[in-house]
Amino acid sequence: MFSMILNKLDKAKVLPRISDTERQALNAGSVWIDGQLFSGNPDFHSMMQEAYPALSDEEQAFLDGPVEELLHRVDRWELRNTRRVPEEIWAFLRDHGFFGLIIPKEYGGSGFSTLGRSAVMMKTAQLGPVGTIVVIPNTLGAAELLMGYGTEAQKSHYLPRLATGELVPCFGLTEPTAGSDAASIRAEGEVFKSDDGEIKLRLNFSKRYITLAPVANLVSLACQLHDPDNLLGRGEHPGITVVLLEKGTKGLHLGDHHLPIGPFDNGPIHGEDVVVPADNIIGGPEQAGQGWRMLMEQLGGGRAVSLPAGGVASAKSAAAAVGPYSMVREQFGIPIGWMEGVTAKVARSAALAYVLESSRIYVCAGVDTGHHPPVISAILKQQTTELGQQLLIDGMDVMAGAGVMQGPNNILGSGYISAPVSVTVEGANILTRTLMIFGQGAVRCHPYALDTLGALENKDVPAFRKAILGWMGHSIANFGRGIVRGITRGATVRSPVSDETARYFKKLGWASTRFAFLTDLAMFCVGGKLKQRGQLSGRFADALSWMVFGVTTLRRFHAEGARKEDLPVVHWALQYCLLEIQRAFEGIYANFDTPVVGWLLRYPGRFFLKINPLSSGPSDAEDRRVAAAIQTPGEQYQRIALGGLGSPRDDEPGMGRLLHAWRLISEVAEPSMRVKKAMRRGQIKATSVIEALDTAVAEGLVSDAEAERIRAAETARLEAIQVDVFDKDEYYRDSLSRGDANRPATEADHQSLARAANE
């Protein structure tokens, strides 16, 4: 019977097929808490036992010392306009070990943890090109590949030079015809034997969008290797291979720039008949053809570390700015932060900054304890960069004119302009959401899917029987469990805590059960077409993402001692997470257009879904309580918003002067309110608080000392809301330097230049 079922399923292509490259991607990394959520019955006790560490003393000292000093050394406005990192900043980075954070100490590096590197990247993310120089060597450079796959000779030769910054790496992957589909790269490496009998590679390639390429002198190049004489013993077409190339190699052309929005060093790489020894393959000739696996694992590192660090930095920067600004900026006689429309955006910034920071720490700690979760990493990449961008947009809305007028005092403008870069790179978020998270997760994290697919491909009837029976039992159990949990609203889910957050564990367990059962329906009813049903897969990805955020938020709250003052933020955050899960389920039900099952979900299913929702979201009253967390100076503001981003000095433009004014205004809030009330009652006739102070002192409303403090605070307030002004010589730029050309060069132009240089 099972043989017949296997053959019918195989012919009908009910389940999705897996290509060789997809299989390698599936085999890269490990399943983690994503597997728990796909199970339908997650063990929240084990999830809450996951490590949630602090930084080591050495890592904290580095953040408080060299990183903090770097923030004050970099002139961000000048850097943004010149696009050139000054040599003294390069020297500072080299002298203080910024290039070797990932490299073990025995090779001259710092050997920082994943969490430590993430913290450095988050703090330097606001430095534009300088932040990029810190990120690439410590996630996407040659060091990570060499540490994982390099020969001892390669490690000894390259790692010490990478740690000191003598070698600056870049990663040559993307091509004009190979972007998100990295497996389709056309860069070619041909294996041949030279006249002296040495096995070598002849490389021809054209790469683009390569970060740090214009300033790099070591390239990790991904190419398709062709070995017509099987000299390496791995067949005629070994596959994707990663080769190390040093600047100065004949035929290699580096140095040209693209011009990204939010400029940073990025450009093309071209090579024509570049010849290097086969020993330049990372890991040596034995690793020929293993590049795809390397790339999947390395890109997973970027998705888990560097890009989430930048996304969280965007979210925290927005929260750090809008909280104080909403209290410093006044309209209609009150701080704009008291107006409900503004309050809602400040609250959202505070709560989501808390959520995203929780996910950053939870996942980095997981990587440090040995987990390598590609699905969770993809979630972090997609969601942190997207939410970081959305919160910057909210921040621009709150800051209004102060947000859109450029200059040294603009706080959010650079981040707002640069945000699409993180959304786009290392797998555009559209691809990540609609293909990677659920597409990979449904096969890899499901308890039976991968075994079933393997049995189908191998025509292994006993293995198929075992897998399909297990899958059927899994589906039936989740169907029954889902009914019970739906009726009881998750009451039967075991919570690891008994406080007022217990209800969120119960609802997340309820959501997981529904998610798991819907996953089974999608895999059997939609089957092989799931790859084309990106919108449907994207909604599954959304549900999974917000379940993960719910778990990490609860872990942070309890790991930090369940602070009572954080409860309003946690309540808001979990209600929002559950609302997003609810919206994802509603979208799945509405668009599950298969016969019978689709009708049941679209009509009776959606009806019951809406009358028994997971959440209807936070209330307006909750907005006010959460916004207050970052509208008042203190330890809570530091933890939720500014913490991890640096400590601006009072005399520094932008955040420095804003925080200075905010502190002064907060300190005189009570006597200032006495003066304002007197003005509103008509007791004092004045057009401003400063103008009213002499009368207020005369009438005994405030003391002389209070009046001086109010005057200083109001002066600082006016200074903080000013925007930059440029005279005509500073504003106008009448020429654009392009050498002797009348237009920017195209990629084809650079390829011609590379050929000419080679000739």
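Visitor: Leaving aside its neighbours within four places in sequence, which residues is leucine 115 in contact with?

Guide: Heads-up, this is a predicted model, where local features need pLDDT of at least 70, side-chain atom pairs count only at pLDDT 80 or more, and totals for chains, interfaces and linings use all residues. Residues are numbered from 1 along each chain as its sequence is written, and side-chain values use heavy atoms, with hydrogens and water left out. Contact means heavy atoms within 4.5 Å. Skipping those sequence neighbours, leucine 115 touches Pro53, Ala54, Leu55, Arg360, Ile361, Cys364 and Asp368.

Visitor: Is leucine 115 buried or exposed?

Guide: The cut-offs are under 20% relative accessible area for buried, over 50% for exposed and partly exposed in between, using a 1.4 Å probe and protein chains only. Leucine 115 has a relative accessible area of 4%, so it counts as buried.

Visitor: Which helix holds leucine 115?

Guide: Helices here are DSSP runs of H or I, at least four residues, numbered from the N terminus. Leucine 115 sits in the one covering residues 114-124, helix H8.

Visitor: How are H18 and H21 oriented to each other?

Guide: Axes are lines fitted to C-alpha atoms over the stretch in contact, and angles run from 0 to 180 degrees between N-to-C directions. H18 (residues 429-444) and H21 (residues 502-526) pack at about 95°, axes 11 Å apart. That makes the pair roughly perpendicular, a label for 65 to 115 degrees.

Visitor: Which H21 residues meet H18?

Guide: On the H18 side you've got Phe438, Ala442 and Val443. Their partners in H21 are Phe515, Thr519 and Met523.

Methods:
Helix = DSSP H or I, 4+ residues; strand = E, 2+ residues; numbered from the N terminus. Parallel < 35°, antiparallel > 145°, perpendicular 65-115°, else oblique.
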